[in-house]
Amino acid sequence: MKVSQTADMLLDGLAQAAPPAVLWDLARTYLEDLGFDRIFRISLARGSEVEVQSTMPDAFLRDYQSEGFSEVDPFIPYCLPAPQSFATGIAHVNEHDYLSPRAKALIEHAAHFGFHAGFSVTTHCLRPEGGEGWNLGSSQSAAEVATLRRHYEREIRFCLTALMGRLTTKDVSLTPREREALQLLAVGLRNRQIADAMGVREVTVEMHLANARRKLGAATREQAIARFCRLAR
């Protein structure tokens, strides 16, 4: 099967066992290049909380948690258990008569932040041991998304299935000291100040930050901070 250039980059990252944060960046670049600029990845494992990764704006993600929308998200009970795709987004809300008023309110709220039309891709159907899937949204029209699906859905399914289980943030095993050093770096402290705050030598701070960058697959401190903050959501 012929795949696009950004899909090739994603598959290369998988072949090279890139860290989860790097694979997430490659996946979002691939999907955004196709036109899916409002992405959700939702994963559940036995005994664990729901894990959500998304390219939605931060303001929406804050509302998703604070307004309790995570508890009424129809993706989990309807899309995640099913191998087939469902049309998603405000453009299709009237096609699903099983949606509760709160679920519709979530979809309408997402529309205010650009999630107009999309479709679901389940990579691991929900079972007692867990499940994983994607809600691929776009700010484009329903007709444009339908065209994207006709051209790319097979390729998308192949790539996202290859990613199954490879994006979980739990795979990034930062030590407590590495996390502390990153947190202090993120608020603007320099190495000397971080060392004073942690009660260690400056060379030890440099070691913690270098280890954290390696685990996060980050080329720079700025990239490490961005990936750490995204994983900590």
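**Reading the salt bridges**

This predicted model has 10 salt bridges, counting a Lys or Arg side-chain nitrogen within 4 Å of an Asp or Glu carboxyl oxygen.

Q: Where do R149 and E153 sit in helix α6?
A: They are four residues apart in helix α6, which covers residues 142-162. That separates R149 and E153 by about one helical turn.

Q: Is E153 buried or exposed?
A: Buried means under 20% relative accessible area. E153 has 17%, so it is buried. R149 is partly exposed, at 23%.

Q: Which residue forms a salt bridge with E178?
A: K215 does, with the closest N and O atoms 3.0 Å apart. This pair links distant parts of the chain, 37 residues apart. E178 lies in helix α7 (residues 176-186). K215 lies in helix α9 (residues 202-216). E178 counts as buried, at 4% relative accessibility.

Q: Which helices hold E202 and R192?
A: E202 is in helix α9, and R192 is in helix α8 (residues 191-198). The two are 10 residues apart, and they too link distant parts of the chain. Their side chains form a salt bridge at 3.7 Å, N to O. E202 is partly exposed at 29% relative accessibility. R192 is also partly exposed, at 40%.

Q: Which residues do salt bridges with shared partners join into one network?
A: R41, E51 and E132.

Notes. Residues numbered from 1 in each chain as written. Predicted model: local features only at pLDDT ≥ 70, side-chain atom pairs only at ≥ 80, totals over all residues. Heavy atoms only, no water. Buried < 20%, exposed > 50% of the residue type's maximum accessible area, 1.4 Å probe, protein only.
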